[in-house]
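Me: I have a structure open on my screen and would like to understand the words used to describe it. Could you take me through the terms as I ask about them?

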Amino acid sequence: MTGPSDPGTDIPLTTDDGAPVVVRRSARRRRTVAAFWEDGKAVVAIPASFTKSQEREWVRRMLVKLNKQGERQTKAGRSRPATDQALAKHAEQLSLTYLGGRAVPTSVRWVSNQNSRWGSATPADGTIRLSNKLQTMPQWVVDYVLVHELAHLLVAAHNAEFWRLVEKYPETQRAKAFLEGVAFATSRGLPADTGSHDPGSPAADVTD
């Protein structure tokens with residue numbers, strides 16, 4: 001069986017940062033349990049023989065493990081590229097994963113002078129710039145902005161072809177909602193909790 005857990009079982013339907021939780025029961029599994037990320041979802045694989053009580057216990061246990069792994073990756077700098085060099089390398093990996101490696105920027109860097117945009121790209125010279133305001137946001141939001149800008153190196157306009165490219169990134173809609181929420185709060189002088197809650201794409205588009 002593959003799919004989100006039944007709400008009646010008290011098994012989390014989302015992780016702490018809002019990612020969907022999927023429980024997969026497998027007849028091939030006897031005693032082992034695994035947890036991993038797949039297309040923006042936290043997947044917990046358990047033996048088909050597990051009772052609902054065992055399922056609840058192991059899902060919660062494995063989500064804690066996934067969260068700790070994410071924290072270790074962040075501290076090691078693997079999931080949060082802080083330098084321009086790390087950001088460029090990460091963008092290269094995103095291009096390979098979602099755009100077939102066709103988007104090849106000449107430079108990718110953090111900037112502090114973008115007040116109305118989360119990111120921008122110049123197809124003529126292949127440069128990409130990301131607002132340093134993104135550095136406090138979840139990595140899946142940063143990745144969306146990067147994929148958005150990488151797609152602009154291939155298609156300059158916000159047309160159907162462009163969005164087909166961007167939506168290859170599975171967290172597109174969630175990240176757009178997150179950024180929209182941040183923009184809404186900021187425009188009204190409200191505190192924007194950019195590190196924890198789910199929804200939000202700026203009312204003004206992500207880029208150029």
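Me: Where is A175 found, and why is A175 called buried?

Reply: A175 is found in helix α5, residues 172-187, where a helix is a DSSP run of H or I with at least four residues, a strand is a run of E with at least two, and both are numbered from the N terminus. Buried means under 20% relative accessible area, exposed means over 50%, and partly exposed lies in between, with a 1.4 Å probe and protein chains only. A175 has a relative accessible area of 0%, so A175 is buried. A175 and V142 are 33 residues apart in sequence, with 8.4 Å between their C-alpha atoms.

Me: What kind of model is this, and how are residues and side chains handled?

Reply: This is a predicted model, in which local features need pLDDT of at least 70 and side-chain atom pairs count only at pLDDT 80 or more, while totals for chains, interfaces and linings use all residues. Residues are numbered from 1 along each chain as its sequence is written, and side-chain values use heavy atoms, leaving out hydrogens and water.

Me: What makes L153 buried?

Reply: L153 has 17% relative accessibility, so L153 counts as buried. This residue is found in helix α3. Not counting residues up to four places away in sequence, L153 touches V104, P105, A121, T122, P123, G126, T127 and I128; contact here means heavy atoms within 4.5 Å.

Me: Why is W58 called partly exposed?

Reply: The relative accessible area of W58 is 25%, so W58 is partly exposed. W58 is found in helix α1, residues 52-75, and touches V33, V44 and F50, not counting residues up to four places away in sequence. From C-alpha to C-alpha, W58 and V44 are 8.3 Å apart in space and 14 residues apart in sequence.

Me: Where is V33, and which residues does V33 touch?

Reply: V33 has its place in the loop between β2 and β3 (34-38). Leaving out residues up to four places away in sequence, V33 touches V44, A45, I46, P47, F50, W58 and M62.

Me: How do you know that α3 is mostly covered?

Reply: The count is 15 buried residues of its 16. Strand β4 (residues 41-47) is also mostly covered, with six of its seven residues buried. For the chain, 41% of the 208 residues count as buried.

Me: Why is α2 called roughly perpendicular to α3?

Reply: Helix α2 (residues 84-98) and helix α3 (residues 139-154) pack at an angle of about 75°, with their axes 10 Å apart. That makes α2 roughly perpendicular to α3. Angles under 35 degrees count as roughly parallel, over 145 as roughly antiparallel, 65 to 115 as roughly perpendicular and the rest as oblique. Axes are lines fitted to C-alpha atoms, for helices over the stretch in contact, and angles run from 0 to 180 degrees between N-to-C directions.

Me: Which residues make that contact?

Reply: From α2 come L87, H90, A91, L94, S95 and Y98, and from α3 come Q139, D143, L146, V147 and L150. The residues of this contact divide into seven nonpolar, three polar and one charged. Ala, Val, Leu, Ile, Met, Phe, Trp, Tyr, Cys and Pro count as nonpolar, Asp, Glu, Lys and Arg as charged, and the others, Gly among them, as polar.

Me: How does the span of α3 compare with the expected one?

Reply: The expected span of a helix is 1.5 Å times one less than its number of residues. With 16 residues, α3 reaches 23 Å from its first C-alpha to its last, close to the 22 Å expected.

Me: What makes β5 and β6 edge strands?

Reply: Three strands form an open sheet in the order β5-β7-β6, with mixed pairing. The strands β5 (107-111) and β6 (119-122) each pair on one side only, and they are the edge strands. Two strands pair if DSSP finds at least two bridges between them. β6 and strand β7 (residues 127-131) pair in the antiparallel sense over four bridges, and T122 stands opposite T127 in β7.

Me: In which sense do β2 and β4 pair, parallel or antiparallel?

Reply: Strand β2 (residues 21-26) and β4 pair in the parallel sense, over six bridges. V23 stands opposite V44 in β4.
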